[in-house]
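Please keep the sequence and the structure in view while reading.

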Amino acid sequence: MADLFIKQAEQYAEGRPSYPPQLFEFIASKTPSHDLAWDVGAGSGQAAQSLSGIYKNVIATDTSPKQLAFAPRLPNIRYQLTPPTMSIAELESSIAPQSSIDAVTIAQAIHWFDLPNFYQQAKWVLKKPHGVIAAWCYTVPEVNESVDAVFQPYYNIAVEPYWDPARKLVDNKYETIDFPFEPVDGADHTGPFPFVTERLMDLDSYFTYLRSWSAYQTAKEKGVELLSNDVIEEFKRAWTEDGQDKKVVKHPIYLRIGRVGNE
């Protein structure tokens with residue numbers, strides 16, 4: 001998975017959206033204590049930075065050194081490069097002791113994981129019974145009718161062949177992902193719970209985001225430039241139609257959240 005993002009690590013750091021405070025407040029409200037969070041698949045630190053404002057300490061791990069190189073350095077975040085799989089002994093020595101973590105978070109990444117192995121590790125490190133695991137994804141950007149009309153065939157036809165099959169879990173809003181945890185307090189299911197993130201973008205920023213996709217890199221390696229001159233011109237026409245250089249771009253977010261229980 002890390003290889004898909006290594007070559008465009010800088011674009012990933014620049015182009016990917018941040019997440020709304022309401023998302024982290026909701027997660028934190030379900031953990032009785034806020035001592036330690038583990039952000040897995042941290043990438044360039046978008047989620048870890050927000051978690052660091054709530055939890056006393058954050059461990060942020062990723063398998064890509066280039067991704068971690070672009071993460072913001074804060075005193076209560078420990079960034080760590082990890083192998084794709086770890087034994088329980090490695091988990092204890094590298095991450096945290098058994099039953100010591102309040103929250104395990106995974107932002108836009110769990111669809112790449114070996115889920116049975118990862119869930120075993122998450123259940124091992126989480127505090128029993130109220131330790132929380134929270135995994136979320138965001139789906140395609142929404143701009144306006146004109147831009148979205150160009151985007152939809154670009155995404156569904158041009159880009160689609162280059163996505164890894166795991167991407168389907170994102171398209172399905174994590175509804176179909178295996179998630180063997182108990183509902184958190186106040187909920188009768190584990191989600192997905194909807195949120196939304198918004199940011200002001202110009203067209204160059206929008207293209208930077210599109211170029212940060214793993215599918216874009218995969219296509220490029222096969223000699224295909226998805227953002228050809230014709231496609232760029234089509235987006236430009238749609239973007240400039242309303243005369244506004246910058247636009248509010250929305251990403252719907254879908255959260256799965258559960259507690260570990262007494263396993």
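Helix α7 (residues 115–125) is largely enclosed by the rest of the structure, because eight of its eleven residues are buried. The model is a predicted one.

**Helix α7**
- The buried residues of α7 are Leu115, Phe118, Tyr119, Gln121, Ala122, Lys123, Trp124 and Val125.
- Lys123, one of the buried residues of α7, places its charged end over the ring of Phe181, at 5.2 Å from the ring centre.

**Aromatic rings**
- A pair of aromatic rings is described by two values, the distance of the centres and the angle of the planes.
- The structure contains 24 aromatic pairs.
- One of them is Phe151 with Tyr155: the ring centres are 5.6 Å apart and the planes meet at 15°, so this pair counts as stacked. The cut-off for stacked is an angle under 30 degrees.
- Both residues belong to helix α8 (residues 145–159), where they are four residues apart, or about one turn of the helix.
- Phe151 and Tyr155 are both buried.
- The two also belong to a cluster linked by ring pairs, together with Tyr154, Trp163, Tyr206, Phe207, Tyr209, Trp213, Phe235 and Trp239.
- Trp163, a member of that cluster, has Arg167 over its face, 4.2 Å from the ring centre.

**Asn76**
- Asn76 is found in the loop between α5 (65–69) and β3 (77–81).
- With a relative accessible area of 18%, Asn76 is buried, since the cut-off is under 20%.
- A polar atom of the Asn76 side chain lies 3.3 Å from the backbone oxygen of Tyr55.
- Apart from neighbours within four places in sequence, the contacts of Asn76 are Ser52, Tyr55, Lys56, Asn57 and Val58.

**Glu225**
- Glu225 is in the loop that runs between α11 (214–221) and α12 (229–240).
- Its relative accessible area is 36%, so Glu225 is partly exposed.
- When residues up to four places away in sequence are not counted, Glu225 touches Tyr216 and Lys220.
- With Tyr216 there is a polar contact between the two side chains, at 2.9 Å.
- The Glu225 side chain also reaches the backbone nitrogen of Leu227, at 2.9 Å.

**The whole protein**
- The protein has twelve helices and seven strands.
- A compact globule of 263 residues would have a radius of gyration near 18 Å, and the 19 Å of this protein agrees with that.
- The C-alpha trace spans about 55 × 35 × 35 Å along the principal axes.
- Of the 263 residues, 54% count as buried.
- Among contacts with a separation of 6 or more, 76% are between residues 24 or more positions apart.

How values were computed:
Residues are numbered from 1 along each chain as its sequence is written. This is a predicted model: local features need pLDDT of at least 70, side-chain atom pairs count only at pLDDT 80 or more; totals for chains, interfaces and linings use all residues. Side-chain values use heavy atoms; hydrogens and water are left out. Rings of Phe, Tyr and Trp (its six-membered ring) pair if their centres lie within 6.5 Å; planes under 30 degrees apart count as stacked, over 60 as edge-to-face and the rest as tilted. Helices (H or I, at least four residues) and strands (E, at least two) are DSSP runs, numbered from the N terminus. Buried means under 20% relative accessible area, exposed over 50%, partly exposed in between (1.4 Å probe, protein chains only). A charge sits over a ring if NZ of Lys or CZ of Arg is within 6 Å of the ring centre and within 35 degrees of the ring normal. The radius of gyration is taken over C-alpha atoms; the globule rule is 2.2 Å times the number of residues to the power 0.38. Contact means heavy atoms within 4.5 Å. A polar contact is a pair of N or O atoms within 3.5 Å; within protein, one must be able to donate a hydrogen and the other to accept it, and residues adjacent in sequence count only if both atoms are side-chain atoms.
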